[in-house]
Amino acid sequence: MATKIPVTVITGFLGSGKTSLIRHLLQNNQGRRIAVLVNEFGELGIDGELLKSCQICPEDGEGDTNIFELTNGCLCCTVQEEFYPTMQELIKRRDSIDCILIETSGLALPKPLVKAFRWQEIRNAATVDAVITVVDCAAVAAGTFASDPDAIAAQRQADDSLEHETPLQELFEDQLACADLVVLNKIDLVDAETKARVEELIKQELPRVVKIVESDRSQLDASILLGFQAAVEDNLDSRPSHHDTEEDHNHDEEITSTNLVLDRTFDPEKLQQQLEKLAQQQEIYRIKGFVAVPNKSMRLVMQGVGTRFDKFYDRPWKPEEARQTRLVFIGRDLKSSEIESQLVAL
């Protein structure tokens, strides 16, 4: 029997830096043949395109790609319909794959996915090498996901009937509870005191001792991220979840995505300013996409977490490619028409 394919599950909330982490791994693979399964919340497949443009894996039409995109819902909810058939295809190619990376949706629970590796058809051929949870240090410092534990305790003492944990906080805690490694990302955006405070908060959420490594723009060596040999599917009992006693789980139904495709160019600075305004007007967690820039032969990648944005040119536009601006917005109770009207008016 051939050695099982090691699979690394990379989880973390929207915009934490998961795709950047995988992109860096692909570009610095040290000779490893890596397949990637990326699960997005949204229909445009932005993350999959970003990974394909890393110039390591062939793009569509240039041979067998090692990037597989699942965009029909969070993997934790579509394991049987989406994940299983894709894993079967990857297993058939096991002789040409050294490891598999799975990037979950930022809204997905990691544990239901790991449980799928107990299925006999997958168990015989693949094992979960590790679960890596990527955390946006600046976002946690701003109180986006995790509340102040002391404040929660005081509130509960005052009124036991109050529910103080939001669905997003539960998701944050579940993603941490399943981790074999926590990547504390975007540390360049906070000072040393804030970073120490976030790290202490994360340690309080971890059910066991787990190593925390710091990262600036998700740039970590493969030796840190791969080769844990944890066989996670065999020790899930040590990874508690808020949903362990539930037969099924529900996502926050008010969190939705909306896509915008415009056949026009934008000035990057003016577009970013407008997107920042939108993020203040609506509860937008994540903005990502590609922008056509006037008189530029390169495609601009624009990504935002709240009102924080970064952008870079990833590759030239292809001759046959429509130079469109394509953006995905993820947030709570989004007003799609307002988003579109404000951008069209630029």
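How do the residues lining the largest pocket divide into nonpolar, polar and charged? There are seven nonpolar, 16 polar and 12 charged residues in that lining. The classes work like this: Ala, Val, Leu, Ile, Met, Phe, Trp, Tyr, Cys and Pro are nonpolar, Asp, Glu, Lys and Arg are charged, and the others, Gly among them, are polar.

## Ground rules

What you have here is a predicted model, where local features need pLDDT of at least 70 and side-chain atom pairs count only at pLDDT 80 or more, while totals for chains, interfaces and linings use all residues. Numbering starts from 1 along each chain as its sequence is written, and side-chain values use heavy atoms, with hydrogens and water left out.

## The largest pocket

The largest pocket holds about 740 Å³ of space. Of its 35 lining residues, G17, S20, K186, Q303 and D310 are the closest to the centre. Two or more lining residues come from each of α1 (18–27), α2 (46–52), β9 (283–291), β10 (298–305) and β11 (308–316). α1 is the top contributor, with six residues.

A word on terms: on a 1 Å grid over the protein atoms alone, a pocket is an open set of points with protein on both sides within 12 Å along at least five of seven lines, a cavity is a set where a 1.4 Å probe fits but cannot get out, and lining residues have an atom within 4 Å of a point. Points are joined across faces, edges and corners, and the volume is the space filled by probe spheres set on them. Helices (H or I, at least four residues) and strands (E, at least two) are DSSP runs numbered from the N terminus.

## Helix α1 and H24

Eight of the 10 residues of α1 are buried (under 20% relative accessible area, with a 1.4 Å probe and protein chains only), so this helix is largely enclosed by the rest of the structure. The buried ones are K18, T19, L21, I22, R23, H24, L25 and L26.

H24 sits in α1 and counts as buried because its relative accessibility is 18%. Setting aside neighbours within four places in sequence, H24 is in contact (heavy atoms within 4.5 Å) with S218, Q219 and L220.

## T11 in strand β1

T11 belongs to strand β1, residues 5–11, and is buried at 0% relative accessible area. Take T133: T11 and T133 are 122 residues apart in sequence, yet their C-alpha atoms are 4.8 Å apart in space.

The structure has two cavities of 30 Å³ or more. The largest cavity has a volume of about 50 Å³, and of its 10 lining residues F13, V134, V135, F172 and Q175 are the closest to the centre. β5 (126–136) and α8 (167–177) each supply at least two residues of that lining, with β5 giving the largest share at four. By class, this lining has five nonpolar, four polar and one charged residue.

The second largest cavity holds about 40 Å³. Its lining consists of L109, P110, K111, D174, A177, C178, R239, P240 and S241, with α4 (110–115) and α8 each giving two or more residues. Here the classes come out as five nonpolar, one polar and three charged.

Notes:
Buried < 20%, exposed > 50% of the residue type's maximum accessible area, 1.4 Å probe, protein only.
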